Amino acid sequence: MARLTPENEQLAREIIGRYPRPKSALIPLLHLAQEQDGYVAEDAMEHLAELVDVTPAEVLGTCSFYEMFKREPVGRYVVNVCTNIACQIMGGEELLAHAEDTLGVKAGGTTPDGMFTLEDVECIAACTEAPCLQVNYRYEHRISHEGFDALVD
Amino acid sequence: MAVTDAPRIITSRFGHDDAHTIERYEATHGYEGLRAALQKRPDEVLEEVKTASLLGRGGAGFPAGVKWGFCPPGVWPRYLVVNGDESEPGTYKDRLLMERDPHQLIEGVLIACYAIGCAQAFLYVRGEMAVAQERIAAALNEAYAKGYVGKGILGTDFSVDIVLHWGAGAYIVGEETALIESLEGNRGMPRLKPPFFPAAKGLYLQPTVVNNVETLANLPWILREGGAAFAALGAENSKGTRMFAVSGHVRNPGVYEVEFGVTTFRDLLYAPVYGGGIRDGNALKAFIPGGASAPWFYEEHLDLPLEKAAVDKAGSMLGSGAIVVMDETTDMVRAALRVVRFFARESCGKCTPCREGTSWLEKILERILDGHGRTSDLDLLLDVCDNISPGIAWPPKQTTICPLGPSAVSPIASAVTRFRDEFEARLGGGPVPVT
Ligand SMILES: NC(=O)C1=CN([C@@H]2O[C@H](COP(=O)(O)OP(=O)(O)OC[C@H]3O[C@@H](n4cnc5c(N)ncnc54)[C@H](O)[C@@H]3O)[C@@H](O)[C@H]2O)C=CC1
Ligand SMILES: Cc1cc2nc3c(=O)[nH]c(=O)nc-3n(C[C@H](O)[C@H](O)[C@H](O)COP(=O)(O)O)c2cc1C
Ligand code: SF4
Ligand code: FES
């Protein structure tokens with residue numbers, strides 16, 4: 001919904017100043033917009049376009065390429081379960097199925113109370129700790145089904 | 001000889017919980033390599049790194065010193081870009097180096113900048129690695145405050161600015177030209193190379209050296225102890241040590257720094273101080289020797305040394321030091337599908353054989369797994385593979401801009417060739433032999 005707040009706009013200008021060319025700051029700025037609103041809003045993208053001097057379509061082009069940028073609101077906790085090869089063979093797919101049952105949403109969905117968004121993700125570089133997941137990009141290692149229940153409680 | 005007495009070069013501080021702080025770092029030889037470098041001329045530092053024969057640790061194993069030397073003379077500015085995008089399935093080492101010992105990486109960056117002649121470096125950390133980003137940000141603040149980074153470093157006229165940058169989730173951005181596109185604020189799609197490698201035309205089309213985190217983390221030790229001491233470790237063509245992540249069905253999954261080139265896969269999988277053998281006394285079925293892109297290895301490859309040339313010759317690669325171990329209970333059709341699905345999801349879509357081919361491979365494997373496979377499907381799989389990577393050879397013949405497309409072919413070619421019976425049993429809809 002929103003453009004950047006004055007404080008965030010100030011921060012954005014500071015970030016832009018770190019780079020030889022303004023557009024290089026775009027990914028950190030999209031993160032900033034997402035932190036502000038919980039997702040990357042249309043108005044925020046237009047604001048970023050002004051700040052780095054490109055078209056809004058270019059901002060959208062970059063934004064839509066990257067997995068972490070959400071253009072719709074997500075849950076308070078984003079739970080990313082890894083099912084890639086090292087996790088799969090250690091029970092990652094079963095863990096995801098258990099998470100779907102427990103939270104009552106399929107991977108990609110958000111619980112109706114807006115608490116959890118569940119995702120089926122690719123390797124998150126914790127393979128020797130399989131099966132693993134992240135909650136808001138913080139790691140949980142060697143997660144059992146009971147461990148998962150305790151976590152979401 | 002399962003375990004050599006090689007020193008730990010890059011994980012030496014992992015025993016300390018506070019290794020990420022500047023106090024601990026300075027108390028454990030921190031920034032001594034930088035001081036040693038600043039006593040020399042930049043070309044002498046480059047020579048030291050060439051003497052060390054430090055191979056790139058990002059997967060392709062290109063010698064770091066040689067790459068630095070490819071920057072065209074007299075063209076400025078030059079940039080150093082640190083590849084901290086670690087996302088090859090099975091790979092788990094750069095995140096540890098960034099979280100546990102960020103100053104070591106920063107010191108490595110400074111040494112490289114001095115040798116190459118860069119006044120600005122970008123540290124590109126994978127978006128999903130929140131702790132690594134925080135630790136590096138904190139370490140950079142400490143290093144700026146102490147005069148290790150910034151203007152007039154340690155009282156010399158050498159100045160470097162290091163910018164922490166972070167991604168937003170896209171495997172392909174680990175490919176160096178895609179990383180550069182991403183750092184320019186664009187969609188992370190690879191550029192065609194050759195004609196120009198980043199060393200000649202990279203960020204903003206200026207000379208740019210892209211190096212992996214682990215590669216740079218070796219530099220403080222090399223400058224402190226000397227390139228010759230580094231080259232005394234390892235084998236003829238693989239010097240020093242390397243970090244390997246051993247995951248999957250071993251008793252002790254873990255990340256181990258071992259002497260490069262002399263330790264064997266058997267040592268790493270079975271020695272009690274490393275993998276400790278296959279879990280539950282099961283038999284080994286297959287292992288991925290160097291990340292999801294690598295063709296699979298089997299029992300008969302166990303005695304190969306962890307050495308680039310030997311592994312290349314045997315038809316696979318050491319890649320990013322990611323070893324995934326599968327025991328006899330592993331369902332190979334499921335495993336192959338999971339790896340292929342990864343490449344299908346992560347294809348950037350720029351080249352037709354990769355964009356279309358990888359999703360076709362995924363669809364065909366899915367229907368085989370669901371019991372709807374047709375008898376012609378195995379040949380069809382190989383035919384699609386052949387379209388992505390003609391001849392299904394290793395190293396692959398490339399019809400695509402980057403190696404991602406051909407990477408999807410490796411697991412299929414391995415699984416279908418070696419475990420054809422498991423696939424065929426699925427086609428008939430019968431029970432699956434997992435032996
Ligand atoms: N660490 C990870 O997460 C992942 C690693 N990989 C690895 O990446 C590897 C492929 O990477 P690429 O960059 O495509 O390999 P490459 O062989 O094209 O390049 C390796 C390095 O050497 C440089 N180089 C090569 N020839 C050069 C020349 N003539 N002039 C100047 N510089 C030159 C390149 O710029 C690059 O930095 C694979 O072997 C795979 O193991 C792949 C996926 C993920
Ligand atoms: C699809 C793809 C993904 C890659 N991902 C990474 C990565 O995450 N980290 C990395 O260091 N290199 C990665 N590489 C290799 C880089 O292109 C490049 O070779 C490397 O960063 C050079 O550093 P080095 O010479 O120090 O190894 C990838 C290559 C490809 C083709
Ligand atoms: S091979 Fe695939 S990932 Fe690489 S550039 Fe082509 S489409 Fe993109
Ligand atoms: S495969 Fe799950 S973290 Fe690497």
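How many nonpolar, polar and charged residues does the shell around ligand 2 have? Here are my notes, with that one answered in point 2.

1. A word on the ground rules. This is a predicted model, where local features need pLDDT of at least 70, side-chain atom pairs count only at pLDDT 80 or more, and totals for chains, interfaces and linings use all residues. Residues are numbered from 1 along each chain as its sequence is written, chains are lettered from A and ligands numbered from 1 in the order in which they are written, and side-chain values use heavy atoms, leaving out hydrogens and water.

2. Start with ligand 2. Its shell has 4 nonpolar, 8 polar and 6 charged residues (Ala, Val, Leu, Ile, Met, Phe, Trp, Tyr, Cys and Pro count as nonpolar, Asp, Glu, Lys and Arg as charged, and the others, Gly among them, as polar). Among the 18 residues around ligand 2, those that come nearest include B:Lys67 and B:Asn212 (a residue is near a molecule if one of its heavy atoms lies within 4 Å of it).

3. Now look for polar contacts, here pairs of N or O atoms within 3.5 Å. A polar side-chain atom of B:Asn212 sits 2.7 Å from an oxygen atom of ligand 2, and one of B:Lys67 sits 2.8 Å from a ligand 2 oxygen. On its own, ligand 2 has 610 Å² of accessible area, and the protein covers 89% of it (Shrake-Rupley method, 1.4 Å probe).

4. B:Lys67 turns up again at ligand 1: an N or O atom in its side chain is 2.6 Å from an oxygen atom of that ligand. The side chain of B:Lys193 also has an N or O atom 3.2 Å from a ligand 1 oxygen. Taken alone, ligand 1 exposes 850 Å², of which the protein buries 73%.

5. Strand 4 (residues 208–212) of chain B gives the largest share of the ligand 2 shell, 3 residues (strands are DSSP runs of E, at least two residues; helices are runs of H or I, at least four).

6. Strand 4 and strand 1 (residues 79–84) of chain B pair over 5 bridges; in one of them, B:Leu80 partners B:Val209.

Methods. Polar contact = N/O pair within 3.5 Å; in protein donor to acceptor, adjacent residues only side chain to side chain. Pairing = 2+ DSSP bridges.
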